[in-house]
Amino acid sequence: EVQLQAFGGGMVEAGGSLRLSCAASGLTFDDVVITWFRQAPGKEREGISCISSDGNTRYGDSLKDRFTISSDNAKNTVYLQMNNLKAEDTAVYLCAAEVAGTCSPLSLTLYWNFKYHYWGRGTLVTVSS
């Protein structure tokens with residue numbers, strides 16, 4: 001059974017930082033795209049960033065200056081470093097995997113969501129202002 005799980009959420013003050021982890025079991029990161037999404041109350045799901053197993057990355061236009069994605073393929077883990085957090089960053093953060101996919105701008109869109117083979121349980125990030 002393939003499982004994808006996000007970890008590392010919590011409560012942080014505005015301006016603070018968090019690092020989230022997306023860990024996979026039953027799935028190796030040798031030929032996949034992993035994408036971080038977030039879902040805030042009353043808002044549609046937003047694609048944050050994706051990374052492919054070969055290291056190619058993409059970011060949402062408004063987030064690249066504060067968020068950084070990275071991976072440790074040997075550990076089947078992808079990370080999201082979030083700096084200078086703002087109240088509007090409060091959301092459930094989750095990760096998804098597309099097997100044999102390509103990390104592209106489309107990977108971050110709702111239009112592309114159905115392409116993902118696996119979705120993980122999210123972790124809640126709460127930023128206090």
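Trainee: Is the disulfide of Cys22 and Cys95 right-handed or left-handed?
Mentor: The torsion about its S-S bond is about 80 degrees, so the disulfide of Cys22 and Cys95 is right-handed. By the cut-off, a disulfide is a pair of cysteine sulfur atoms within 2.5 Å, and these two sulfurs sit 2.0 Å apart. So, going by that torsion, the answer is right-handed.

Trainee: What kind of model is this?
Mentor: Residues are numbered from 1 along each chain as its sequence is written, and side-chain values use heavy atoms, leaving out hydrogens and water. Local features need pLDDT of at least 70, side-chain atom pairs count only at pLDDT 80 or more, and totals for chains, interfaces and linings use all residues: it's a predicted model.

Trainee: Is Cys103 buried or exposed?
Mentor: Buried means under 20% relative accessible area, exposed over 50%, and partly exposed in between (1.4 Å probe, protein chains only). Cys103 has a relative accessible area of 2%, so Cys103 is buried.

Trainee: What pattern do the disulfides follow?
Mentor: The structure holds two disulfides. Cys22 bonds with Cys95, while Cys50 bonds with Cys103. Counting bonded cysteines along the chain, the pattern is 1-3, 2-4.
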